[in-house]
Amino acid sequence: VSNHLCKFWKLPVQHSQPLPAEIVQLCRGDWSWGAIIWTSIGWSVSVGLGLLCCIYVATLHENDLWFSNIKEVEREISFRTECGLYYSYYKQMLQAPSVQEGLSELIHDNLTESKRTINLLQRMNIYQEVFLSVLYRLLPIQSYLEPVYFYIYTVFSLQAVYVIALYLTAWLLSGSWLAGTLTGLWYILNRVDTTRVEFTISLRENWSLPFLALQVTTITCYLRPQLIALQQVMVWLMYVTTFCFCLTWQFNQFILLVQAFIIYTLDCADFLTTTQVTTLYLVQVSGLLSVWLLQFCNSMILGSLVLSFIVAALFVRHCQSGLKTGSLLVRLGKMLLHSAMVLLLAFTINYLAKKALQLRSDEHIFKFIKSKFALGPTRDFDASLYLCEEAFGLLPLDTLERLAGTLLLYPYIITLLLLSGMLAMAALQKLSSAEERKGAGDGRPVAFRPDVAYNLLHTLFYGLLAFSTMRMKYIWTGHMCAVAAYGVCGTELWTLLLNALRCNTKLRLVRYAVPLVMIGCLYYKFWPKVMEELSELREFYDPDTVELMTWISTKTPKQAVFAGSMQLLAGIKLCTGRVLTNHPHYEDKDLRERTRQVYQVYARRSPEEVYDILRAAGADYVVLENSICYERRHRRGCRLRDLLDLANGHIMDGPGENDLDLVPASHPRFCEAIKMDTAAYNALFTRTFQNKTFHVYRIKKKRKKSTKGSSEPSVTQ
């Protein structure tokens, strides 16, 4: 077997995997009927699988909530947490008298954060909501399609785009659209781990990840040597998809940073030409700067680490012209020195840029990273909020069990191991001089396609990201399907195996028969389960929240300001249009500080301290939630009240150890004590609404002192 491995790894470059013959013929203008029919079937299957995924998640959403039959307020409550905040701007744009007035309201918004006027188009990635609201006004569909359905159907349609993009990537890599078919089926069957769109419709990742998948497809196509005639078109498509991805997700800079590391690694290992490296970097920069302009010169983009890294990489690369010369050890030494210089320059540029821009919007993310890897303090409130959420923890092992159950994990691991070995061999030979290769017995370079190298590093880097932070698995698992399908349907791995077994004449039969057998097994095993899942009917039921929203809409002034948890306030804005003190879009330092202050209602603070905090935020009402005040979902040390106690230096509730520097609080927990209706609390707060879940208190306004000598201000309702 080792002999066959060596023979395979030393194939010359010109023997690399070609594109499907039908596609090559079409690109050359050879429009034979066979090529047209076969390619048309492949495209038709891709569209069919995309539509199947779209209909599947839309049906699950309808069956889970009975969305078509519930009241409007219940539909809006179903947009949980930050999803409700984003959807509220779509609703706000539609309710505006005109598009111009709607845009003006977003640019000069004073409803999202009390006592502040902010530019929402600069602060948040909500251009998709603006675009959809304008499109809904223009299209003649108002009479038969409600705005909420236009919104959710658009998001579900993007899942079709996502599947088609993954399908095309697998087709380009393997040369067979059967790989695309297997990719689409795996994506749908692993829905729990590939998407959560059916219950978090408005999340930014559900808008952006389809464009990231399209960008990977265009990069794969751009790196194919057989498609030189289409490279200019691919560059523009890369720019458009990168721009759309960056425009729709605030975490774009961190995802592109990982991609920049991939490009840098391929450049160091000499898998890409200088033109390709520069083009890929400039596409990233162009996309980010275009979004920077659209977001009214958002300083968070200019201060992003990815821009600093790209500038540093291009500058150092230009200055070190002799980087790719010399023997293997010399080149490895140069590479280490080069990488150290790039990283040092990147961090220097980033530090200076943030100082110049006075940028602190993203510091909570770096605090989270430091705390996660025990590189910083663990009592920071913002970092702890992330660390204590399951979505930001390590990837659970049951994820791998589910992926193995759909026959995805095993071919993926085999493909990953074999391709990684081949990539390492190819990289070592590329880094070696011609004399060293000749001394090793073969001067010919190892064949490893740049498009395969990119996709391999893409799945490796984002796989590591997914294992470190569970929420990022949705970037990895979709592409994982394409890589596994390439391993099953591509020629390289089957050639390696069949050469070892001396059955290389069966290559064509095996690479078509195996995926067909796997598709048949998946159909036999999962079709009944899918049908059973689609037959399960549930209904939205949250009467306490409905009662709260109805009361706020009918019993409070339209300009009333509400304080409470970020998640609940997003729903209050969507359902009632009232003003908020804080909200879930956490990318602003002042907002994070205000949120920490407002959350003191769940800490051990005196009524006077809480009153002053809420009045300083401009709040008229505060909503207390029993699910937070008496929380049991998280372990001790991760409950919100525990995080507040730690940040305030107080001993936590319940049995267990406490750090020695923590002290007992001098006041009872506010959210519990206020319900006792003692004089100290009744003098400052009046209960106006309550049910099993929520308690709403109106914050009284203090009278002005009647005389200068008054020591205690009187209180009135």
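## Annotated spans

In this predicted model, residues 171–189 are 89% helix and 0% strand, and the end C-alpha atoms of the span lie 19 Å apart. This stretch is one of those that the unreviewed UniProt entry annotates as "transmembrane region"; the annotation also covers, among others, residues 35–58, 292–316, 476–497 and 509–527. Over residues 35–58 the chain is 100% helix and 0% strand, with 35 Å between the end C-alpha atoms.

## Helices α25 and α26

Two packed helices are described by the angle between their axes and the distance between the axes. For helix α25 (residues 473–489) and helix α26 (residues 491–500), the axes come within 5 Å and cross at roughly 45°.

On the α25 side the contact is made by Tyr486, Gly487, Val488 and Cys489, while α26 contributes Thr491, Glu492, Leu493 and Trp494.

## Arg511 and its surroundings

Arg511 lies in helix α27 (residues 507–535), and because its relative accessibility is 8%, Arg511 counts as buried. Leaving aside residues up to four places away in sequence, Arg511 touches Val488, Cys489, Gly490, Thr491 and Trp494, and also Ser174, Gly175 and Ser176. The C-alpha atoms of Arg511 and Ser174 are separated by 9.8 Å, although the two residues are 337 residues apart along the chain.

## Gln128

Gln128 is found in helix α8 (residues 127–138), and with a relative accessibility of 5% this residue counts as buried. Again not counting residues up to four places away in sequence, Gln128 touches Arg204, Trp207, Leu247 and Thr248.

## Helix α17

Helix α17 (residues 305–319) has 15 residues and reaches 21 Å from its first C-alpha to its last, which is close to the 21 Å expected at 1.5 Å a residue. Its buried residues are Leu305, Val306, Leu307, Ser308, Phe309, Ile310, Ala312, Ala313, Val316 and Arg317.

Which helices are included in what covers the buried residues of α17? Among them are α14 (252–268), α15 (274–294), α16 (299–302) and α18 (328–357).

Terms used: Residues are numbered from 1 along each chain as its sequence is written. This is a predicted model: local features need pLDDT of at least 70, side-chain atom pairs count only at pLDDT 80 or more; totals for chains, interfaces and linings use all residues. Side-chain values use heavy atoms; hydrogens and water are left out. Axes are lines fitted to C-alpha atoms, for helices over the stretch in contact, and angles run from 0 to 180 degrees between N-to-C directions. Helices (H or I, at least four residues) and strands (E, at least two) are DSSP runs, numbered from the N terminus. Contact means heavy atoms within 4.5 Å. The expected span of a helix is 1.5 Å times one less than its number of residues. Buried means under 20% relative accessible area, exposed over 50%, partly exposed in between (1.4 Å probe, protein chains only). UniProt positions are given in the numbering used here, feature names are shortened, and annotations may be inferred rather than shown by experiment.
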